Amino acid sequence: MLRRAWKPLAATTVLIGTPSYLYYTFTKQQTFDLAVKVRGADGKPVMTNRTFSLLSKNAVKDRLIENASSDSFSRPDNTVWRYATASVAANDPLEDAHADAIIARDPSDPSAPGDWLFFTVMDGHGGPHTSRLLSKTLINAVVLELSSLIHSSDVPKSGLLENLKLLFRTSSPKSPEDPQNPERISLAIQNAFTRLDQELINAPLSVLAANLDAESIKKNILPDLSKHPLALQTMLPAVSGSCALMAVFDTAHRHLYVACSGDSRAVAGIWEENEEGQGSWRVEVLSEDQTGRNPNELKRIQSEHPPDEAGSVIRAGRVLGGLEPSRAFGDARYKWPRDVQDVLNRTFLVGNGQPLRPPPSSFKTPPYVTATPVVTQRDFDFGSVARPSKSPASRFVVLATDGLWDKLSSEDVVALVGGHLKGLKGVVAKAALPELVPTTSGAPTVEGKDKKRNNSGGSWSFEEENISSHLIRNAFGGGDAEGLRKLMSIPAPLARSYRDDTTATVVWWEDGQEGNAKSATFSSDNIKAKL
């Protein structure tokens, strides 16, 4: 009797128990353990195991696209410009920033039709203050410097729009004296970076000077300006820092300018076909990583300081053993003399409970860091050329902060963008991608870090619609879904030991002759002015 009763009872248990087990399995919060470095009771760093909640796949995707955007616009010559940007934070708050601007030429301009396109990424450090300020000011600074180049001291006071209009009244052909000669344009971009940083660094000094009276100067008394409305507003962007990378497209003259201050990197992919119709993406690196590990930067910095500092200006690839980028905005601890640092610290920061760290011990002959960029110029084909099968574009440029390049090589990035444009979907073995998206080497990468990537095994993922989010996903794990989940689940500030803030902008263009380009929907809201 009991034996006969057992069978339906067991069946009922299975029917009820299995869904309960599945419900428990899929709703229970998953966790993982990770060895992290923390400070012990004695203040010294120690390793300890911590347990973290594991983000779901959907939560990871949400974070990858949280700061993602894309846009496109068409021009009278049938060219369709597209660009996408994405950022993922490791710090809280995010210290990266980005900006873009598009300026259309007036039809009456002799150089029309054509546009000037500006794209920038900023990699902040020591806080978000400098990078955020640059995202609002750097492009304007470059535009105004170009306007000043064209009209020298005759720049009218009627506002930015009129200045921009004057900038694009050009003549052709260009001679060496022509204001829009590429050498002079490059110099103007360089000067804009340098002068903006000077304004940023000198801003606290201007506030102090405006608040000193004759009696204070006579008695050598410093005012306490810690509660002044401009105290932190000027000091924080000066003492934190940011790298900056800018691409400037002059479509009328088919010129591309890249200005780099720091260790962000610009890379281009260019489609090339041989006589048999077989093609590949040529990898052209458009900037050099500017750190002490770059031989050109090491030589430059050593030449700017006395011979007895040759062995100390760069230590372990870092400026004075501390700052990794050798060019950056802000970072006043490496630019202000010691006495200036002391005065500004006591005047603005001590009363706010945010005292300035003292300069490095080997600090002798500042400045050690400059914001003056290296500017390169290339002739670029923006028109109709052969393109890879199924791909809407044959040219693209990637601008990214070093968080991307810490994980991916220039060749990886070009292949991943090329594959995305080709329409690859799903998971692709890393060993198989070169067959699907062949690449060749052009201008080489000058690595700024002592990073050893191991991208030979594993797989890439092609699932993100936003091409910049696609790059960041593959930088952080690609086809390794569990590895990606773990890396993205580590909270700030611990995440910074495993990944950096990462921002990528991808710009590509189509000649408008393909059906998919003609049927696209375009936005003109981002075109700042018509000139």
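Which residues does Thr-85 touch, not counting residues up to four places away in sequence? In this predicted model, the list is Asn-67, Ala-68, Ser-69, His-98, Asn-466, Ser-468, Thr-503, Ala-504 and Thr-505. Thr-85 lies in strand E4, which covers residues 80–88. Its relative accessible area is 4%, so Thr-85 is buried. One neighbour is also a polar partner. The side chain of Thr-85 makes a polar contact with the side chain of Thr-505, at 2.8 Å.

The chain as a whole comes next. It has 531 residues, and 50% of them count as buried. It contains 15 helices and 20 strands. Contacts were also sorted by separation in sequence. Among those with a separation of 6 or more, 73% join residues 24 or more positions apart.

In soluble globular proteins, nonpolar side chains tend to be buried together. Here the largest nonpolar core has 49 residues. Leu-404, Val-417, Leu-433 and Leu-471 have the most contacts inside it. Helix H11, residues 410–422, gives the most to this core, with six residues. Leaving out residues up to four places away in sequence, Leu-404 touches Val-413, Leu-471, Ile-472, Ala-475, Thr-502 and Ala-504. Ala-504 is also among the residues that Thr-85 touches. A second core is separate and has 29 residues. Leu-146, Ile-185, Ala-188 and Phe-193 are among its members.

Helix H5 runs through residues 182–210. Its 29 residues should span 42 Å at 1.5 Å a residue. The end C-alpha atoms are 40 Å apart, which agrees with that value. The N-terminal end of H5 is capped by Asn-181. A side-chain oxygen of Asn-181 lies 2.9 Å from the backbone nitrogen of Glu-183.

Helix H9 has twelve residues. It reaches 15 Å from its first C-alpha to its last, close to the expected 16 Å. The buried residues of H9 are Gln-341, Leu-344, Asn-345, Thr-347, Phe-348 and Leu-349. An α-helix has 3.6 residues a turn, so residues three or four places apart point the same way. What covers the buried residues of H9 includes H5 and helix H7, residues 231–239.

Cysteines were examined next. A disulfide is a covalent bond between the sulfur atoms of two cysteines. How many disulfides does a search of the whole structure find? The search finds zero. Cys-243 shows why: its sulfur is 7.6 Å from the closest cysteine sulfur, in Cys-260, and this is too far for a bond. The cut-off for a disulfide is 2.5 Å. Cys-260 is likewise in no disulfide, with the sulfur of Cys-243 as its nearest cysteine sulfur. Are these two cysteines buried or exposed? Cys-243 is buried, with a relative accessible area of 1%. Cys-260 is at 2% relative accessibility and also counts as buried.

Most residues other than glycine have a negative phi, and most peptide bonds are trans. The bond from Asp-92 to Pro-93 is cis, with omega near 10°. Pro-93 sits in the loop between E4 and strand E5, residues 96–104. E4 is the strand that holds Thr-85. The bond from Pro-366 to Pro-367 is also cis, with omega near 5°. Pro-367 is placed in the loop between H9 and strand E14, residues 374–379.

Positive phi values occur at Arg-254 and at Asp-331. For Arg-254, phi is near 55°. This residue is in the loop between strand E7, residues 241–250, and strand E8, residues 255–261. Its relative accessibility is 41%, so Arg-254 counts as partly exposed. For Asp-331, phi is about 50°. Asp-331 is found in the loop between strand E13, residues 329–330, and H9. At a relative accessible area of 5%, Asp-331 is buried.

Conventions
Residues numbered from 1 in each chain as written. Predicted model: local features only at pLDDT ≥ 70, side-chain atom pairs only at ≥ 80, totals over all residues. Heavy atoms only, no water. Buried < 20%, exposed > 50% of the residue type's maximum accessible area, 1.4 Å probe, protein only. Helix = DSSP H or I, 4+ residues; strand = E, 2+ residues; numbered from the N terminus. Expected span 1.5 Å × (residues − 1). Polar contact = N/O pair within 3.5 Å; in protein donor to acceptor, adjacent residues only side chain to side chain. Core = buried A, V, L, I, M, F, W, Y, C linked by side-chain atoms within 4.5 Å. Contact = heavy atoms within 4.5 Å.
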